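Please look over the structure below with me. My notes follow as numbered points.

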Amino acid sequence: MSSIELDHVSKLYANGAYGVRDVDLTIEEGEFVIFLGPSGCGKSTTLRMIAGLESISSGDLRIGGRGVNNVAPRDRNIAVVFQSYALYPHMSVRDNMGFGLKMRGVARPVIETKINEAAGLLGLTPYLDRKPAALSGGQRQRVALGRAIVRDPVAFLLDEPLSNLDAQLRAEMRLELVKLHRRLGRTIVHVTHDQVEAMTMGDRICIMREGRMVQVGRPLDVYADPVDTFVARFLATPPMNLIPARLESRGDGLMLIGAGFELAVPERHRAAYQPHSGREVIFGLRPEDLHEAPQPGLQRLDLTVVAMESLGVENILVGQFGLEPALEMSARLSRHFTAQIGATVPLYLDLTPMHLFDPETTRALPRPSLRLVKP
Amino acid sequence: MSSIELDHVSKLYANGAYGVRDVDLTIEEGEFVIFLGPSGCGKSTTLRMIAGLESISSGDLRIGGRGVNNVAPRDRNIAVVFQSYALYPHMSVRDNMGFGLKMRGVARPVIETKINEAAGLLGLTPYLDRKPAALSGGQRQRVALGRAIVRDPVAFLLDEPLSNLDAQLRAEMRLELVKLHRRLGRTIVHVTHDQVEAMTMGDRICIMREGRMVQVGRPLDVYADPVDTFVARFLATPPMNLIPARLESRGDGLMLIGAGFELAVPERHRAAYQPHSGREVIFGLRPEDLHEAPQPGLQRLDLTVVAMESLGVENILVGQFGLEPALEMSARLSRHFTAQIGATVPLYLDLTPMHLFDPETTRALPRPSLRLVKP
Amino acid sequence: ETITLHALMEDVPETQIIESMLPEFEKETGIKVEFEKIGYGDMHDKLVAQLVSPESYYNVLEVDFLWAGEFPAAGWLEDLGPYVAKSGFDLKPFIPSMLELLGQTKDALPILPMYNYSMGMIYRTDLLNDPKIKADYKAQTGKELAVPTTLADYVELSKFFKAKSDVVGAAMQGQRGDPNAMEFSNYLFSVGGAYLDADHKVVLDSAEGLSALKLYADNIQNGAQQGALSATLDDTMRLMCAGDAFSMVTYWWMLPQLDSQEKCPKVAGKLALSVMPGGHGESGGWGWGIPKNTSDESKAAAWKFIEWVQGKKISVARAMEGHAPVRSDVYTDPAVLAKYPFYKTALDVVASGKSFPIFAYSAQYEDVLGAQLSLAAGGQAKPEEALKAASDGLSQLLAK
Amino acid sequence: MRLAAFADRDWRTGWAFAAPGLLMLAIVMGFPLVYAAVISVSSLTLLRPSLTPFVGLANFVTVMSEPLFWGAVWLTIKYSVVTVAGEFIIGLGIALMINRTVIMKPVYFAVLTIPMAMSPVSVALIWRMLLQPNLGIVNHMLEVFGLPRVDWLGNADFALWTMAGIDIWQQTSFVVLILAAGLASLPRDPYEAAEVDGASPLQQFWYITLPMLRPVAAIAVIIQLINEFRTYDLPYVLTKGGPGASTEVLSFFAYRRAFLGLHLNEGAAASFVLLLIVLGLTVLFFATLERRR
Amino acid sequence: MRHVALHLGLLIVCAVILLPILWVVRTSFLPEAMSYSTHLLPATTVDNYVELFTTTRYGRSYFNSLVVAFGSVVIALPFAAMTGYAFARFKTSGKGGRFAVLATQMLPSVAIVLPAFALFRTVGLSNSLTGLVIAYAALNLPFLIWILMGFFEGIPVDLEWAAQTDGATAWGAFWRIVLPVSLPGIAAAGVLGFILTWNEFLFALVLSGPQTATVPVALSSLQTSNGVQIAKVSAGVVLAILPLVIASRFIQRFIIQGLTFGSVK
Ligand SMILES: Nc1ncnc2c1ncn2[C@@H]1O[C@H](COP(=O)(O)OP(=O)(O)OP(=O)(O)O)[C@@H](O)[C@H]1O
Ligand SMILES: Nc1ncnc2c1ncn2[C@@H]1O[C@H](COP(=O)(O)OP(=O)(O)OP(=O)(O)O)[C@@H](O)[C@H]1O
Ligand SMILES: [Mg+2]
Ligand SMILES: [Mg+2]
């Protein structure tokens, strides 16, 4: 009974700027949804509208089937982690976390237990009696998170709740949130810029751009089949390589031909892409599909190394190829791979997960998905 | 003339809690230094002391050789991006960014040019006339960053300046900061929780824990040779696998023996580790050193799959092995690797970059570094 | 069910003297009287609020002569005539000028006099008798130094003191409003001028009026203390007390207060009172009234109280404490005279006093006049113009 | 439609909050205000306490054609502007100084509260004593230091400014009180940013403190302005409007009309003129502030 | 160096304030006759104080003033805070309403004191402390509303949002979040209300009777046509100052110490 439906919802700010435009989305009860999008695209605004904090300029919002455009925030029973934390400056950490429960008339001992539990989870136990002003940035963010998780609301709206935490703590918190979701089965909407969070936590991710929803789907579906170049580039770092090329039939094969390179479209995509033969396209390939070692089925491409970044875990190579002006591709290679800047190295491209996009509309040219349906 | 020296610097807060303890660090002129550490470890406090915003409880701070313990912040000429942004709420974005220049008497047209340039870089051009209250979280953070980069200070102190930006923008900003550093040659201290930033941007990274500096070094050095289990686990996600084991001589070989597994210490480390033979140790191996395919020199270990996370880019496998209570390891595998939960899969361990730690002190047992000195 | 009388009283010795005798009245009649004491300036506002309301909280009124036109005109006061007649109270001993001052007409007696504050001149006998000053004066003017008999003499003397001695000639209360209007009245009456003639026509703008005003301004500028234009009674009194002034035109009963070893050691024993030079000064006084908007019982009780307090016995008793009587028989009472010999002069002062025009807008007129006097004395307006304005103001107000 | 519906909720909450206060104000002040307004167009005087016949704006005409009236208006504006400006500038200075000190703060604050605790009437009485031209301590001290005695209140050129000085002496504390509270509730963050941006204390004051304090400061100024416009106790005790008409401020003028002149209707009319002037100035002031923002 | 200048400045301010006051204190201990003496302390007596309580009803007035000032603040402050909040946050009644509220205070008291008296008399509240308390509560309202409005406008709306999603009603958010965060403003408004009442004269004069006179009325009555009893006035003033000076010790914690919440993003 707590699905959240946004029915052509828009938000027009007082200065005439749109925060959100015509968003249509149904979040099922108990679903864990990720909002993802560039800075300023309207994620927070959408969350605030769901929470009832921002008036809805047009469209309808329904929670559990009931229109709530005019329902006060407190009657929606939604827990929110604000991007700005919005901690109560005059209350101790303990009181900050307990406030929501107190407001809902929960008994003092229960509140205490819940606070202690959450504080333990968040590593805030030593700070329970401090005011927020005497906390570090990450500690404040955890208080904000704690304030939400002690409650048992209809839905959680988490606006970048982990952005200021270190990687380790973030991994722990991620796990805790997933556990929380399992335990309570509540709807969660989570805004994040973290790829790991986006890919692993949610049932679905919703990608926004300039106030609109551009793609909604299961994380790996979106990853595997982005609807346009924006989503293709957005979802990972380094982003998908996008190379202008032309599609040409060559015998019974289909070739991607660009300035100084030729690549064969794999057999399995040939049928789908054949109709576009002879047209300009944008060829997309993710950096992880460039390999350092030859394997059957991979196509060789020689790159001149422009930059090498060692991330410890892996190395990112940026290389140029083709004629002037040279084209650029990046590749994720193992941490042991090294190469001098300026050297030319052969890399082996796996074109199986390749994408083609229409250069004008930037939309993907349809092809059968490679994604296996998750069990 | 703008090296920053912290000479046994401590910060004791009014409530008796230490923010920073006895930190000793010299940052050379023009160096790009990364501060890394768990939430609440004292990174911001250190930065604020360098900026002069927090009094120093004991120790000396020198900038360019001059003791500055008692120099007012405005006389230190340092640009800061605050973790909380600290934007001027009553000024437009433009005025926020121009304020520092105006205060230093820069001519109006020059200021305008610099603001426009920075705004272009940060994608803030459409928002120049807005007040911060009408911006999204990420936009605010960019204003904070813009306020710093328009200036030409002695040093930049950046406190998680990119934490609320989307991955793509973050990558761009990272690049811009590096360019800025190259162009101006100013000292930069950058606090971040992002591994990519930590590994790629800085000349050195300083790892803090509970107010102390635990390791300072070049990023790949720290990654390759963590001084203790804390650093070992801290620097990457998933963190290094740490497995309790015993070191035993077996013939002329040295074996790691644990509950239900035996692994041979590679030849090259034998001499270093031999003295510890017969002792309990903690064996450390990073998830990326577990491979899915057999290769010469790798040792096989069968893992029962406990969890599989698909990040799109790659898949993380968490598996159990050994006797009850079972030990756990995680492995970074290719995005194409799949396995059912509960299945047993053979993985192949590359022990070359292995680490051993003393279980009591948690310090690393010394061995020759594998890191090649960077050119 | 005893009746309590409430009166709003000015907080001055007169009030305190009566207050101390109230228990006696209560014992005699069983009527309780309560005085609420506030400052003069606040009384009018507060009374008016009560009098315009359906029932007044105050059922005995202390009325200043300045309101003696206004209160009856507004119809707030009972006519006391019938009460006098009914109780057979004897009005004869009351000094006629006092009765007149407080609005007695052929037909009605709205207010019964309570005490008097007519004005005269208080001066320093020691200075007048100082041989050196005498010689100086003689040398300068060719006249003998003596108590002045005309206003011109007085002002000349005053200027002489200011110029030639270390005291000023006159401590003057030149503050706009009541202080300067009252003071000027003395000057006006002193030169034989008047506000109104017998037919109630305005005659202020006359040669006498002009000469009075000129002399007044001259004295403020050249004979009086610095800051005279902002001075009030309080200032002049303190100045006199400090021995810094030769004379002052003031209420006659100021004499005992100044001529006191305890309060003003510098001048005690060196002061005398005289009628205003020229023979007439301003007279003034307070009276009792009974508001219309109270119950009949309380009106009866109020009359009983007034009758008692203004009767000979209590009046004499009050006079022994320093009361300024309104009955001639009290001034001539041997016991009183024995204690206060100067009451003989005082009676002259009171009897010779002339009155400020009493009509509905007396208080406002005081202000209008005060403003013009202040302008003229401060040199901001020509005396002729100021006098004209003051006179026109009076005509207008009378016409209302 | 729907937009209105949402706003509606806020609207109602707002009124729910505002209602008790507004109601109380309406009940207690509403009647007197309306009554005063009615009086101002009636023929009611103390001598003839009847509202009828109504005379329209005749009272306003009478009052405005009074020679002293426009002088009083001008005087009042002059006086109010000078005192408010003085109080604000000095008050802001003091509030800033207090805000910056650490030690002795409570002592300074206690001293500053003293003048506020005195009613204007007693302040006036006391200053009359201190400034008494012949016997007062101030002139005595002047003389001790070889300076001429000053006729503080008896000189037409001085009296208004003496009064303004006394008023500033008393009322500045009030401005300090509000501004100090305003300063205390400013966020700390922008100051840190300004520090590293290189702003000197003066620049911080000008660019950070002043703009952020503006809402509270504006209110302090307006409240003070209203109070000064209505000043009547000070001239009442100090000068009674004199010498001449040099301290005849508008509300004293109204007072004289109503209570000495017994023409409540004209007093009310003069009062409403004063109200209109203050209201005009207030609206103008806020409009200017908003435009400058 | 800056510190020295700062304290020097404040000390000068204190001197300007204190010197006249000290002279008043001195005068309060002199016999009336010597009150204008230019000597520092020609004699001492406590008669002025004693007489204030014996021959005048100063004690009663003092008590009345305390009751009325406290009472009116206690009543007005909550009302003002609520209305101020509505103005600041909900823009209730718009600019017009704000100015209308303020305008009720723009009429000189001389114009409304008689109508107000008529009203209070009709409902039987003249001459009673209750009446004064109510009158002053209403008189103070507009200023308090405006001051608090100014403070409330400075509070980030985020906090109230957080409270509302935490389940607080608008009232709860106001009571538990907005009020505590704006304590300096509340304290300042409270003090302001107190002193406005403590010092007001005309309403006190007209609405009060002998039992309900307040300190300003009592002090004003010392201005007689027989002269001003300045020594007693001084004594009365010294006493009138006391409560606020004592209270300032507590108030200053909120007003000048600040709450140092700092930023919490
Ligand atoms: N004003 C203060 N009073 C007392 N303790 C404080 C205060 N400010 C910070 N601390 C404490 O000092 C420690 C270090 O804080 P600091 O802000 O430097 O952490 P940090 O490393 O920046 O953490 P984060 O990554 O969460 O921002 C924290 O444990 C914090 O609780
Ligand atoms: N009060 C406001 N008035 C006008 N425009 C606003 C206001 N608040 C936000 N906006 C604009 O609306 C757009 C969406 O803002 P929102 O806060 O929803 O972005 P977001 O997706 O959360 O971004 P971020 O990742 O940076 O937090 C932004 O472009 C922002 O500038
Ligand atoms: Mg956001
Ligand atoms: Mg920090």
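This is a predicted model: local features need pLDDT of at least 70, side-chain atom pairs count only at pLDDT 80 or more; totals for chains, interfaces and linings use all residues.

1. The magnesium ion (ligand 3) is coordinated by two side-chain atoms: OG of S44(A) and OE1 of Q83(A). The distances run from 1.9 to 2.1 Å.

2. Now place those two residues. S44(A) sits in helix α1 (residues 43-51) of chain A. Q83(A) sits in the loop between β6 (78-81) and α3 (93-103) of chain A. The pair therefore ties together parts that are 39 residues apart in sequence.

3. Are they buried or exposed? S44(A) has a relative accessible area of 12%, so S44(A) is buried. Q83(A) is buried as well, at 13% relative accessibility.

4. Turn to the cysteines. A search over all chains finds 1 disulfide. C241(C) and C264(C) form the bond, with sulfur atoms 2.1 Å apart. The S-S torsion is about -110 degrees, so this disulfide is left-handed.

5. C241(C) is buried, at 17% relative accessible area. C264(C) is buried too, at 3%.

6. Check C206(B) next. This cysteine is in no disulfide. Its nearest cysteine sulfur belongs to C41(B), 11 Å away. C206(B) is buried, with a relative accessible area of 1%.

How values were computed
Residues are numbered from 1 along each chain as its sequence is written. Chains are lettered from A and ligands numbered from 1 in the order in which they are written. Side-chain values use heavy atoms; hydrogens and water are left out. A disulfide is a pair of cysteine sulfur atoms within 2.5 Å. Buried means under 20% relative accessible area, exposed over 50%, partly exposed in between (1.4 Å probe, protein chains only). Donors are N, O and S atoms within 2.8 Å of the metal (3.2 Å for Na, K and Ca); water is not among the atoms, so sites may look incomplete. Helices (H or I, at least four residues) and strands (E, at least two) are DSSP runs, numbered from the N terminus.
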